[in-house]
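Dear colleague,

I am handing over the structure below, and after it I set out what was found there. Please read the notes with the structure open beside them.

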Amino acid sequence: MSTFLEKVKSLEPPKEKRFLHTLYDGFFTFLYTPDHTTHGKGVHIRDRMDLKRTMVMVVIALQLCYVFGTYNIGHQHFVALGQHTAFMAAIHLKLAYGLIQILPIFVVTHVVGLGIEFYYAAKKGHGIEEGFLVTGALIPLIMPPDIPLWVLSLAVAFAVILGKEAFGGTGMNVVNIALLARVFVFFAYPTTISGDQCWVAGLEYAGGKATGELYGWSHHVFDGLFNGLGWATFGEGGRAVADAFTGATPLGLASQGWEKVTAVYSPMQMFWGTIPGSIGETSKPLVIMGGLILLATGIASWRIMLSGLLGTAFMAIVFNWWGFDAFMNVPWYYHFYMGSFWFAIIFMATDPVTASSTNTGKWIFGFFIGILGIIIRVMNPAYPEGWMLAILFMNVFAPLIDHYVVEANMNRRKKHLAAVKN
Amino acid sequence: MRQGFTRLHLIISFLFIQQLVQAQTPTGSGANSFTMMLLAIVVLIAFFIIIRVSDNLVRIEAGKNGVDSENEGLSSFPGVADIFKKKSPLYAKGKYVALTQGHNILLEGQATGPIEAAYVNTFAVQPPNFRGMSPIPKVEVEVGDTVKAGDHLFFDKKNPDVKYVSPVSGEVIAVNRGERRSIANIVVLADKAQQYRQLPTINPDTCSREELVSFLLDTGGWTLLRQRPFDVVASATEVPDNIFISTFDTAPLAPDFNHIMAGREAAFQRGLDILGKLTRGNVWLGLDANGENPPSTVYTAAKGVQKCWFSGKHPAGNVGVQIHHIAPITTKTTVWTLGVQDVATLGALFTEQRFNTERVVALTGAELKQPKYVRTYIGANIGELLGNNLTNNHVRILSGDVLSGSKTSKTDFLNYFDDQITVVEEGDFHEMFGWLLPDLSTPSVSKALPVTLFADTVFKANTNLHGEKRAFVVTGQYEKLLPMDIYPQHLMKAILTNDYEKMEGLGIHELIEEDVALCEFACTSKQPLQEILRNGLDMVHEQG
């Protein structure tokens, strides 16, 4: 083992070649933990926990969403075309189709994001920080499956440069980087991420009528393989969609009332996530399992999750009571079945850098995310999902919340001082 | 309160209406039973709230009418805090504080067994041990002089009344200098039989406070006192509001104070009496309520002092944490702190009429052949203390514990206030995928590592950083490890940005390095919290 270490060390480029050296350092610290020791002026032993492990825990918690998301891209595609409509039918085709969609998204996100990260690390002369590990794992999961790759790369570059590097790198950003990438797409290229036509991959819309795309070379490569095995194949594509297909997500339908939603999707479908949506957020049980990993390992704040849950329930109940329009009358507990509440509150709101840093602040932060998210979801006719905007909004307010919490602590001390003096 | 009650009532009735309306609409039997269940829960909560609120009103009324003079709370129910509060052990009578935050780091190499005599020839007093003193003190002896235990060695030119004295009798063999001609230490080669300086006679029971103070200043007793805030040499012109002594140490591998003080009751009690005369307030003992058995009667039977019991994990034994829960330090208060052996030395000035700097020191750490207790004097040479007890030479030797001790070597000397030497392995090696594998051999407070499932795991730690330094990312981590009403991360950021007002507001006066040491250990971003805190303390101290 030590000879391998020496071999790796012999590859180290000279320090003058800064970019190469940073690159080497990034990969070396991935392979080996550094031999740095405590400097002797503070503690002499250190906890095993470091930022790399923290970040990797989140990435691990996201893996279930990746597996399901990949499969669901394919599943939704074939359901729309009226082929293989049973969930377990033609597993190989759905997986292959999902992989063909998600791999470019994943690769582009990382090439662009990590490239920028490496460049800035080399420029500033510090090691590569692991912040992008989580951001890079989150971004593909919150994008629609058909996102144009050039839009995606623009969004990632925008988020990483303006959202993070401009503020000083990992730990310094004000708003959640992954959500910033998404909100960039949302405002700059709204048709790629809103409406009813973007949530199922591989459909072409012409004159209000959708047809399946013509499959490309990558599908044909798989077809060759599947043919050999005697399995079902993609074929040439270009089929018309099934008659019942709408492409709308539950939230898109919910403004017309809960009956309209259940006419298309059953609550169980929404719960298990076999519905159109962003890639990784649809399956509630798997997202919640990821959340349980984060809670069990103590990585994410249970305070934010719980208060977010309470805030959402509270606001939904208020709307039920108000009952002004059909959306408000959707039973409050069904708000947890639709949309990406779970993914947002578990993976997005709990980002420690952009959330409130005080425990009291976390309760307020999460609660208001819940309230704002439901308000946007129910009252905004243009875009029926609120978590992205709610979290970004509260990210901006988190320092203010902390300021008042810390101020309260300072006042307690002042009061005590006054009591001592008397 | 009454207003709040009405508001609550409104909210509750609003909830009822909401649920009733839903129950009446035919939405299917599944939703119906769900609604009924919810309704039942809401009713229960409503009853609970009504009872609690009215109970609170009774308590407030009782408080106003002066019925509840002892502030016990005349509630008919146990408070939420009372239910979840850890019960104090039977022996802990009186004031009791249960601390929930903290963590015990269990390491291999705990000192055990009887106290052995140590054969040490050289001893030293190190001016850098006394914080707040100028780096170049006035040395009153020369190399070659013979001194008795208690003879003056040097004094601080800024503060010439405080005399620093020799812990042993013998010949001064070196005055070593450190950076920029500062005095690093004054080394004394000890006599075989100790001789003590004849002390002036004084009757502490009848003399005035001034006489007592000048006696202590002259005889070296004063050097045992440490003043907070800032943890500096006690000021002779100030009268402390209180004096605090922690009678247990929860740091990793810390010596057992019950064991090391056995047989020194008289000197300890005398020391407490003397301290009682020096403060305008009380002398407080922080007692250990963690064990199944009560601590030594040296502490529990001490007279003329206030006692407070503490249970909880490290840093519950830190005197700073105890002060926070007894009478927090503010910008306007001054308190003194001492170690238990310092109290005995102080008392021995009167019971034995000599400056007896006897110290029991715990030699600890996994890299020792035999961890043990030894009896020596203040400032003993570390190499001589360790002898051939080391298993190998790739180690770091610390005066103090692994969290807040200082790095030394075999040629160095035990720090003035330390009663422990720890030897840990140097961790200057690479580990393949060390950031990913579920390592079972390194201590951690994080639940992300499986080791925390086994609370009793004893570790063999090393000095590896286990990661790289990063900006503050994780939040809420320090608060779990510091049982004080303080926001450590915000305080650190205030120090880094030189925000004096915030530093004071967030309670920098209440802390010294050892209190944040556990937070530094656990810090995911590997930030040097103790160093940052000391910079902040120095800045605030200079500002005055």
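Two strands are said to pair if DSSP finds at least two bridges between them, and the strands themselves (E, at least two residues), like helices (H or I, at least four), are DSSP runs numbered from the N terminus. This is a predicted model, in which local features need pLDDT of at least 70 and side-chain atom pairs count only at pLDDT 80 or more, while totals for chains, interfaces and linings use all residues. Residues are numbered from 1 along each chain as its sequence is written, and chains are lettered from A in the order in which they are written.

Between the chains, strand β1 (residues 32-33) of chain A pairs with β21(B) in the antiparallel sense over two bridges, and Y32(A) has M432(B) as its bridge partner. The contact as a whole, where two residues touch if their C-beta atoms, placed from the backbone, lie within 7 Å, takes 55 residues from chain A and 66 from chain B. On the side of chain B that touches chain A, α13(B) gives the most, with four residues.

Within chain B, six strands form an open sheet of mixed pairing, in the order β2-β17-β16-β20-β18-β19. Because β2 (112-117) and β19 (406-408) of chain B each have a single partner strand, they stand at the edges, and one side of each is left without a neighbour in the sheet. Strand β18 (residues 395-399) of chain B pairs with β19(B) in the antiparallel sense over three bridges, and S399(B) stands opposite S406(B) there.

Elsewhere in chain B, a hairpin of two residues joins β6(B) to β7(B).

With best wishes
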